Amino acid sequence: MFGTGHGAQLASCETDRGSRVVWGVFQESLMLIAVSGGGGSAISELQLRRLLENVWNCMVLVLGQDELANVRNVERLKRELRSCYRLIDTLLERVNDDQGFMGDLTQCADCLIPSHSGLLQEALDTFAQAAESEFGCLLVHGRVAQATEKWWSRLTSQEVVVLSVLVHSLSSASSCDYPVFLPQGSPTVAIRLLSFQLLPGVHVCVLCGPKPSLYKAENELIGRFWSTFVENLRSCLEQAERSTLPPSVNLRWDIQALLLINRESRRAVTVCPRVRSGAPSEAMPLLSSGRRLELLRLFYTFAVTRYFTAQETSVSSASTTSEDFSQGFTHVPVQCYLITDE
């Protein structure tokens with residue numbers, strides 16, 4: 001605040017022990033501040049900045065942009081923001097969890113590639129059509145297993161990420177009818193989100209208008225379109241507990257963690273093998289899944305903030321640290337690698 005009054009911009013600060021404070025002002029009305037301690041697990045500035053963006057998107061998703069941009073009663077806003085706490089808690093947990101969610105950092109949808117993708121896609125498309133919607137999604141343990149064409153083409157990747165987080169946070173309910181504001185597509189007009197639990201861990205949701213009623217969708221449409229696919233959904237659940245990739249894909253034994261991103265569609269899968277086959281007897285044992293995923297996050301951050309900055313357009317210049325030697329060179333990086341003590 002002092003710097004702004006004197007025409008200076010300060011976006012973040014860092015201590016010599018690795019603690020960081022990052023902040024951002026949204027709609028010239030709210031300032032969000034993220035603080036990370038130093039020590040054991042290093043959290044990059046990029047992660048904290050993405051965290052702020054995701055928290056803001058979740059607040060817009062639940063309350064709408066008008067409520068946040070034109071604050072008329074601060075105490076009332078504080079009370080209303082309580083409805084966002086569970087979503088924000090989920091985002092905070094995902095900064096360093098061992099479940100393999102990376103969408104909060106990559107701004108790509110965390111996906112599962114099911115074995116029976118064609119059958120499930122057809123079931124989802126017909127269900128969404130019957131619910132008078134073009135926006136439908138099937139989630140397995142919080143990951144997108146299938147989605148309609150409009151879900152991918154009309155929603156931004158950030159909207160897909162926060163909607164997935166919202167449905168995952170409501171997973172204890174068998175069904176819900178929830179008004180949401182799309183942070184980019186419809187920040188001021190609410191849309192209905194209907195979500196249904198097909199099996200524990202499996203949810204189908206649609207964005208729709210005033211029809212159908214929750215009662216009709218739950219009692220007429222769910223059974224009609226999903227009862228014949230229960231075994232396929234169970235198979236998806238079993239696969240999700242092993243890997244986000246279908247069983248037909250075999251990884252080399254020495255891959256400890258993998259992040260695969262389709263930049264065109266902004267979808268991604270994260271793989272952290274629980275066991276590995278074919279490893280020689282002298283091979284080092286697997287690190288803990290939490291540590292491997294932490295290294296994967298750090299390496300992704302290293303790559304997109306230092307070498308592949310042109311591909312990561314949403315990384316602000318304030319959070320980009322280019323290598324000194326790259327200044328003035330016109331070549332385009334193709335690969336990068338990082339060597340650690342481990």
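Trainee: How many aromatic pairs does the count come to?

Mentor: The count comes to seven aromatic pairs. The rule takes rings of Phe, Tyr and Trp (its six-membered ring) with centres within 6.5 Å, and calls planes under 30 degrees apart stacked, over 60 edge-to-face and the rest tilted.

Trainee: Take F127 and F225. How far apart are the ring centres?

Mentor: The centres of the F127 and F225 rings are 6.3 Å apart and the planes stand at 70°, so this pair is edge-to-face. F127 belongs to helix α7 (residues 117-130) and F225 to helix α10 (residues 214-226), so the contact ties together parts 98 residues apart in sequence. Helices here are DSSP runs of H or I with at least four residues, strands are runs of E with at least two, and both are numbered from the N terminus.

Trainee: Before we go on, what sort of model is it?

Mentor: The model is predicted: local features need pLDDT of at least 70, side-chain atom pairs count only at pLDDT 80 or more, and totals for chains, interfaces and linings use all residues. Residues are numbered from 1 along each chain as its sequence is written, and side-chain values use heavy atoms, with hydrogens and water left out.

Trainee: Back to those two. Are F127 and F225 buried or exposed?

Mentor: Both F127 and F225 are buried, where buried means under 20% relative accessible area, exposed over 50% and partly exposed in between (1.4 Å probe, protein chains only). F127 also pairs edge-to-face with W226, at 6.1 Å centre to centre and 65° between the planes. The relative accessibility of F127 is 0%, and W226 counts as buried at 2%.

Trainee: Which residues do ring pairs link into a cluster?

Mentor: The cluster consists of F127, F196, F225, W226 and F229.

Trainee: Which charged end sits over the ring of F101?

Mentor: That is R143, 4.3 Å from the centre of the F101 ring. R267 lies over the face of W152 at 3.9 Å from the ring centre. A charge counts as over a ring if NZ of Lys or CZ of Arg is within 6 Å of the ring centre and within 35 degrees of the ring normal.

Trainee: Now the sheet. What is the strand order?

Mentor: Three strands form an open, mixed sheet in the order β4-β11-β10. The edge strands, β4 and β10 (258-262), each pair on one side only. Two strands count as paired if DSSP finds at least two bridges between them.

Trainee: How many bridges do β10 and β11 pair over?

Mentor: Five, in the antiparallel sense. I261 has A268 in β11 as its bridge partner, and L260 has V269. The hairpin of β10 and β11 has four residues between the strands, and R266 takes a positive phi near 55° there. Four of the five residues of β11 are buried.

Trainee: Change of topic. How much space lies in the largest pocket?

Mentor: About 1,000 Å³. Its lining has 38 residues, and R242, S243, C272, P273 and R274 are the closest to the centre. On a 1 Å grid over the protein atoms alone, a pocket is an open set of points with protein on both sides within 12 Å along at least five of seven lines, a cavity is a set where a 1.4 Å probe fits but cannot get out, and lining residues have an atom within 4 Å of a point. Grid points are joined across faces, edges and corners, and a volume is the space filled by probe spheres set on the points.

Trainee: Which element gives the most to the lining of that largest pocket?

Mentor: α11, with four residues.

Trainee: How many cavities does a search of the whole structure find?

Mentor: Three of 30 Å³ or more. The largest cavity has a volume of about 70 Å³, and its lining includes D104, D110 and V165. α9 gives the largest share of that lining, four residues. The second largest cavity has about 60 Å³, and helix α4 (residues 74-81) gives the most to its lining, with three residues.
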